[in-house]
Amino acid sequence: MPVSVRDFRKDQGADLKKARESIRKRGDDEKVVDTILDLDSKWRKGTFRLDQLRKEMNATGKQIGKLKKAKQDASELIKKIPGLKTEIRSLESKVVEWKEERDKAIASVGNWLHDSVPEGETDKTVRTWGGAKELEGEGDEGRKGSLELRDGKICSHDELLRRIRGFDPRSGKAVSGVRGYFLTGPGALLNHALQAYAIRFLTKR
């Protein structure tokens, strides 16, 4: 599930401790939580105040109408209108700005990590299966891995994609966190080809 503003509101069941821990595990600055809390607080208070000002504006307008209809002096109430309009316009602008900044900060937070995910960017072997052999070198991302030998060559899947310029790990990591990637060029074409093959294969069964 994507991260939303509700994940940072205690009154709506948010677990801020868990949020900070997840952000820290990704190697990001958990201060973004404080930024989001501050902006959301300003936005909520601002929208409440804006609603009150609009109600006051409407009530004042109605009262002025009643006084004029009764041919009574409404000059004092009329004097309040320009000030209310100015405050409303100013607050409307701030509320929009606070919301945009808050949503931008939320968008920078990756999806919540499972409790079992280790902290930092170092890979951790959780379990192994089969007869894989350890690589003696390091992959494109500077991490060790393991796979079976094929024709005496040792190439991990990310190394093969790197050689054909078939993926973009840096952009993927920036969007979704550690181990994220985008398929590009030949990699994307290969992915579509495999999907097309799978669909054709299954429709024939």
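**Close-up views of a predicted model**

**View 1. Glu159 in helix 4.** Glu159 is located in helix 4, which covers residues 157-163. The structure shown here and in the views below is a predicted model. With a relative accessibility of 13%, Glu159 counts as buried, since the cut-off for that class is under 20%.

View 2. Helix 3 comprises 33 residues (residues 75-107), which at 1.5 Å a residue should span 48 Å. The end C-alpha atoms of helix 3 are 49 Å apart, in agreement with that expectation. Buried positions in this helix are Ile81, Leu84, Ile88, Leu91, Val95, Trp98, Arg102, Ala105 and Ile106. The buried residues of helix 3 pack against helix 2 (31-69). In general, residues three or four places apart in an α-helix point the same way, because there are 3.6 residues a turn.

**View 3. The salt bridge between Arg9 and Asp40.** Arg9 and Asp40 form a salt bridge in which the closest N and O atoms are 2.8 Å apart. Arg9 belongs to the segment before helix 1 (16-25) and Asp40 to helix 2, so the pair ties together parts that are 31 residues apart in sequence. Arg9 is buried, at 11% relative accessibility. Asp40 is likewise buried, with a relative accessible area of 5%.

**View 4. The salt bridge between Asp38 and Lys42 within helix 2.** Here the closest N and O atoms of Asp38 and Lys42 are 3.5 Å apart, forming a salt bridge. Both residues lie in helix 2, separated by 4 residues, or about one turn of the helix. Asp38 counts as partly exposed at 38% relative accessibility, and Lys42 counts as partly exposed at 36%.

View 5. A salt bridge joins the side chains of Arg102 and Asp103, with an N to O distance of 3.0 Å. Arg102 is buried at 5% relative accessibility, whereas Asp103 is partly exposed, with a relative accessible area of 30%. Through salt bridges that share partners, Arg9, Asp40, Lys99, Arg102 and Asp103 are joined into one network. The salt bridges in the model number 16.

How values were computed: Residues are numbered from 1 along each chain as its sequence is written. This is a predicted model: local features need pLDDT of at least 70, side-chain atom pairs count only at pLDDT 80 or more; totals for chains, interfaces and linings use all residues. Side-chain values use heavy atoms; hydrogens and water are left out. Helices (H or I, at least four residues) and strands (E, at least two) are DSSP runs, numbered from the N terminus. Buried means under 20% relative accessible area, exposed over 50%, partly exposed in between (1.4 Å probe, protein chains only). The expected span of a helix is 1.5 Å times one less than its number of residues. Contact means heavy atoms within 4.5 Å. A salt bridge is a side-chain nitrogen of Lys or Arg within 4 Å of a carboxyl oxygen of Asp or Glu.
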